[in-house]
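Q: Could you take me through how the labels used for this structure follow from their cut-offs?

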Amino acid sequence: MKAMLLAAGRGERLRPLTDSIPKALVEAGGKPLIAWHLERLARAGIRDAVINVSHLGERIVERIGDGARFGLRIAYSRERERLETAGGIANALELLGREPFLLVNADVYCECDFARLMKVDLGARLAHLVLVPNPAHRAKGDFSLRDGRIGSEAAPRYTYAGIAVMRPALVAPVTPGEKAPLAPLLYEAAARGLIGGELYEGLWQDVGTVERLAELEKHLRENR
């Protein structure tokens, strides 16, 4: 299985940090956010990864390189203008191939078990999402979860962690080079019963603001 890391985001709420470095290279616990993922992917047995880049993207290419020091082979999907999540995935399909892949948002920190996710059998489903208990900044959550099925019922609802196992067919409606968000495609597929999922209750942090980055730093400092 290949992995795709979404690393094209601008990181507006992390400015001024992200005026000079891409969001994926912001450091927590002494290393870039994306490096935590790459190390865990390699330990899980992933050997090939695709990273999409846009804002200051060549900084990521320079810092991460071909992935050899992580035990990975890394290919880059360059976006002249950020294509959003589904657009970024569709633009990278030539590099990802036709098989299901592990999708990871580079701007989150998570200690979930990638090796176990690689063994998820999608069956006829288009994706398997990792959900987390709703953080304070997303109290209403994104999806419901009942018996391993993702839906949009009122309760109980959880937040999408930015980690999933996905079939390329999920983004089939998106033309490579087209801007498109992922959420509408997920909601549509969920309504058709084509999305599965699980709840992860370990350490997860969306590093979307300076305050949340500071929370993660504090946790890593106190627990390592």
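A: In helix H7 (residues 183–191), the buried residues are Leu185, Leu186, Ala189 and Ala190, where buried means under 20% relative accessible area, exposed over 50% and partly exposed in between, with a 1.4 Å probe and protein chains only. Helices (H or I, at least four residues) and strands (E, at least two) are DSSP runs, numbered from the N terminus. The model is a predicted one, in which local features need pLDDT of at least 70 and side-chain atom pairs count only at pLDDT 80 or more, while totals for chains, interfaces and linings use all residues. Residues are numbered from 1 along each chain as its sequence is written, and side-chain values use heavy atoms, with hydrogens and water left out.

Q: Why are the buried residues of H7 said to line one face of the helix?

A: Seen down the axis of H7, the buried residues fall within an arc of 130°, so they line one face; the arc is that of the directions from the helix axis to the C-beta atoms.

Q: What covers the buried residues of H7?

A: The cover includes helix H4 (84–91) and the strands S8 (127–132), S9 (143–146), S10 (149–151) and S12 (195–199), contact meaning heavy atoms within 4.5 Å.

**Rings**

Q: What makes Trp36 and Tyr109 an edge-to-face pair?

A: Rings of Phe, Tyr and Trp (its six-membered ring) pair if their centres lie within 6.5 Å, and planes under 30 degrees apart count as stacked, over 60 as edge-to-face and the rest as tilted. By this rule there are two aromatic pairs. The centres of Trp36 and Tyr109 are 5.3 Å apart and the planes stand at 80°, so this pair is edge-to-face. Trp36 belongs to helix H2 (residues 33–44) and Tyr109 to strand S7 (residues 108–110), 73 residues apart, and the pair thus links distant parts of the chain. Both Trp36 and Tyr109 are buried.

Q: Which residue lies over the face of Trp36?

A: Lys31 does, at 4.2 Å from the ring centre; the rule asks for NZ of Lys or CZ of Arg within 6 Å of the ring centre and within 35 degrees of the ring normal.

**Charged pairs**

Q: How do you know that Glu111 and Arg40 form a salt bridge, and why is the pair said to tie together parts of the chain?

A: A salt bridge is a side-chain nitrogen of Lys or Arg within 4 Å of a carboxyl oxygen of Asp or Glu, and the closest N and O atoms of Glu111 and Arg40 are 3.7 Å apart. Glu111 lies in the loop between S7 and helix H6 (114–117) and Arg40 in helix H2, so the pair ties together parts that are 71 residues apart in sequence. Glu111, at 30% relative accessibility, counts as partly exposed, whereas Arg40, at 12%, counts as buried.

Q: How many salt bridges does this rule give?

A: The count comes to 10. Among them is the one between Arg63 and Glu27 (3.1 Å, N to O).
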